[in-house]
Amino acid sequence: MKIEVLGTERRRRWSLPDKLKIVEETMQPGVTVTEVARRHGLAPSVVFTWRRLAREGRLGDVGPAFMPVEITPVPAQAPSVASPSRRTGLIEIVLRHGRRIRVDREVDAEALRRVLQVVEGLA
């Protein structure tokens, strides 16, 4: 005899206010993360992760999102004596609060990611 249970998901989706409440509970004097996790039916590792994300200001992050992109031509510039080759493929990234970062197409992706994290206050 074979029994299969289908359709029930064991994971609960926690709202941001619930996560913040649970993280706040762990900050009370004399309370351990393990106690709070058990009280809410969570693994302690999940609560520790939420605490770390809260410290970093990233608890409410929903992950990568699509951003609007506008492609505009780069105005022609006269080559300078210091740099005879013209930069092609210039990319301008407009961030929150009007910040702008310009890079060319040969930018190192990992270096750009680190710069964006610092500029946006995520590092």
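Predicted model: local features only at pLDDT ≥ 70, side-chain atom pairs only at ≥ 80, totals over all residues.
Visitor: What makes Trp14 and Trp50 an aromatic pair, and of which kind?

Guide: Rings of Phe, Tyr and Trp (its six-membered ring) pair if their centres lie within 6.5 Å; planes under 30 degrees apart count as stacked, over 60 as edge-to-face and the rest as tilted. The count by this rule is 1 aromatic pair. Trp14 and Trp50 stand 5.9 Å centre to centre with 70° between the planes, and the pair is edge-to-face. Trp14 lies in the segment before helix H1 (16–26) and Trp50 in helix H3 (residues 44–55), 36 residues apart, so the pair links distant parts of the chain. Helices (H or I, at least four residues) and strands (E, at least two) are DSSP runs, numbered from the N terminus.

Visitor: How do you know whether Trp50 is buried or exposed?

Guide: Trp50 has a relative accessible area of 8%, so Trp50 is buried.

Visitor: Why is Thr34 called partly exposed?

Guide: The relative accessibility of Thr34 is 31%, so Thr34 counts as partly exposed. Thr34 is placed in helix H2 (residues 33–39). Its C-alpha atom is separated by 5.3 Å from that of Pro44, 10 residues apart along the chain.

Visitor: How do you know on which side of H1 the buried residues lie?

Guide: The buried residues of H1 are Lys19, Ile22, Val23, Glu25 and Thr26. They cover an arc of only 155° around the axis, so they are on the same side of H1. The arc is that of the directions from the helix axis to the C-beta atoms. Exposed residues Pro17 and Glu24 are carried by the face of H1 turned away from its buried side.

Visitor: What makes S1 and S2 a pair of strands?

Guide: Two strands pair if DSSP finds at least two bridges between them. Strand S1 (residues 91–94) and strand S2 (residues 100–103) pair in the antiparallel sense over 4 bridges. Val94 has Arg100 in S2 as its bridge partner. Their hairpin has 5 residues between the strands, and there His97 takes a positive phi near 60°. In S2, Ile101 and Val103 form the covered face, whereas Arg100 and Arg102 form the uncovered one.

Visitor: What is the pattern of the protein along the sequence?

Guide: The pattern is α-α-α-β-β-α, from 4 helices and 2 strands. Of its 123 residues, 17% count as buried.

Terms used:
Residues numbered from 1 in each chain as written. Heavy atoms only, no water. Buried < 20%, exposed > 50% of the residue type's maximum accessible area, 1.4 Å probe, protein only.
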